[in-house]
Amino acid sequence: MVIVRMHLTKNLHSPGGATALITVIGGESVHDLGYLFVFLPVGVGAAILLIVALIVNNIPQNRC
C-alpha cells in the first residue's frame, strides 16, 4: 500500500527501513561497530544522498 502511494505521489523511499534491517540482521562486523554503525556507513550514505540530490535538483534550467 505504501509503495503504491509513493508511486502515485512520485515520492522516493527513504533508506531508513533498510538501515534498521541491516542493523538487526547484520553479521558480526556490523554488531562489532555498535553505535559507530550509525555514524560511519549511515552518515556517509546520507551525505552522499544529499550531495546527489542537490546536484540532480539543480540540473534543470527551468524548474516547475
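The model on screen is predicted.

**Whole chain.** Show everything as cartoon. The protein has 4 helices and 0 strands. Read from the N terminus, the order is α-α-α-α. Now switch to surface. The accessible area is about 5,800 Å², and carbon and sulfur atoms account for 72% of that area. Of the 64 residues, 6% count as buried.

**Gly 26.** Select the loop between helix 2 (16-25) and helix 3 (28-33); Gly 26 sits there. Is Gly 26 buried or exposed? Its relative accessible area is 15%. Buried means under 20%, so Gly 26 is buried. Show its neighbours next. Leaving aside residues up to four places away in sequence, Gly 26 touches Leu 21 and His 31.

**Helix 4.** Select residues 36-57, which form helix 4. Then centre on Val 42. Helix 4 bends there by about 35°.

**The nonpolar patch.** Stay on helix 4 and pick Ile 51, which lies in this helix. Ile 51 belongs to a nonpolar surface patch of about 660 Å². Keep the helical repeat in mind while looking at them. An α-helix has 3.6 residues a turn, so residues three or four places apart point the same way.

Conventions
Residues numbered from 1 in each chain as written. Predicted model: local features only at pLDDT ≥ 70, side-chain atom pairs only at ≥ 80, totals over all residues. Heavy atoms only, no water. Patch = residues over 30% accessible without salt bridge, like charges linked within 9 Å, V, L, I, M, F, W, Y side chains within 5 Å. Areas by Shrake-Rupley, 256 points an atom, 1.4 Å probe, with all protein chains shown as cover. Salt bridge = Lys/Arg side-chain N within 4 Å of Asp/Glu carboxyl O. Helix = DSSP H or I, 4+ residues; strand = E, 2+ residues; numbered from the N terminus. Buried < 20%, exposed > 50% of the residue type's maximum accessible area, 1.4 Å probe, protein only. Bend = angle between axes of the 7 residues up to and from the residue. Contact = heavy atoms within 4.5 Å.
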